[in-house]
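Here is a short briefing to read alongside the model. Take a look at the structure first, and then we can walk through it together.

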Amino acid sequence: MEEILMRLFTPRTVVSAHCDLPCGVYDPAQARIEAESIKAVAEKYQANTDPEFRTRALLIKEQRSELVKHHLWVLWTDYFKAPHFEKYPQLHQLFNEATKLAGASGAKGSADPAVADQLLQKIDEIAKIFWETKQA
């Protein structure tokens with residue numbers, strides 16, 4: 001009886017992957033799109049003096065900042081694995097800097113388009129490494 005159960009529950013095909021889903025679901029473009037929104041909102045905020053408009057702009061910018069952090073964290077924690085961090089030792093620092101630039105001390109807490117530009121540059125650095133890993 002035990003042998004029959006073992007045959008029933010033993011996998012016939014064993015597969016492995018380095019991530020929880022096929023890697024096609026990950027893309028730094030998601031973070032970049034939200035960061036582009038942050039920059040556009042900051043520019044519109046700077047060009048407008050209407051208090052209601054500026055309040056709405058800040059709320060939207062803060063929401064987009066949270067989305068940037070979310071997309072970066074997903075890449076950092078779900079896509080990139082130990083071999084990536086060994087090959088690209090600067091990767092942890094890049095993610096740390098990018099998420100801080102998206103956070104309260106960066107784009108979330110500032111309406112300066114230059115801060116959004118800095119965030120976009122960090123995302124581009126991460127994206128370059130991301131696409132290099134996809135080629136491997």
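In which helix is the place of Glu62? Glu62 sits in helix α3, where helices are DSSP runs of H or I with at least four residues, numbered from the N terminus. This is a predicted model, in which local features need pLDDT of at least 70, side-chain atom pairs count only at pLDDT 80 or more, and totals for chains, interfaces and linings use all residues. Residues are numbered from 1 along each chain as its sequence is written, and side-chain values use heavy atoms, leaving out hydrogens and water.

**Glu62**
- Glu62 counts as partly exposed because its relative accessibility is 34%, between the limits for buried (under 20%) and exposed (over 50%), with a 1.4 Å probe and protein chains only.
- Ala104 is 42 residues from Glu62 in sequence, yet their C-alpha atoms are 8.7 Å apart.

**The α3 and α6 pair**
- The axes of α3 and α6, lines fitted to C-alpha atoms over the stretch in contact, lie 12 Å apart at an angle of about 30°.
- That angle makes α3 roughly parallel to α6, a label for angles under 35 degrees between N-to-C directions.
- On the α3 side, the contact (heavy atoms within 4.5 Å) is made by Val68, Leu72, Leu75 and Tyr79.
- From α6, the contributors include Leu119, Ile123 and Phe130.

**Neighbours of Val68**
- Leaving aside residues up to four places away in sequence, Val68 touches Ala31, Glu34, Ala35, Ile38, Ala102, Leu119 and Ile123.

Technical notes. Axes are lines fitted to C-alpha atoms, for helices over the stretch in contact, and angles run from 0 to 180 degrees between N-to-C directions. Helices (H or I, at least four residues) and strands (E, at least two) are DSSP runs, numbered from the N terminus. Angles under 35 degrees count as roughly parallel, over 145 as roughly antiparallel, 65 to 115 as roughly perpendicular and the rest as oblique.
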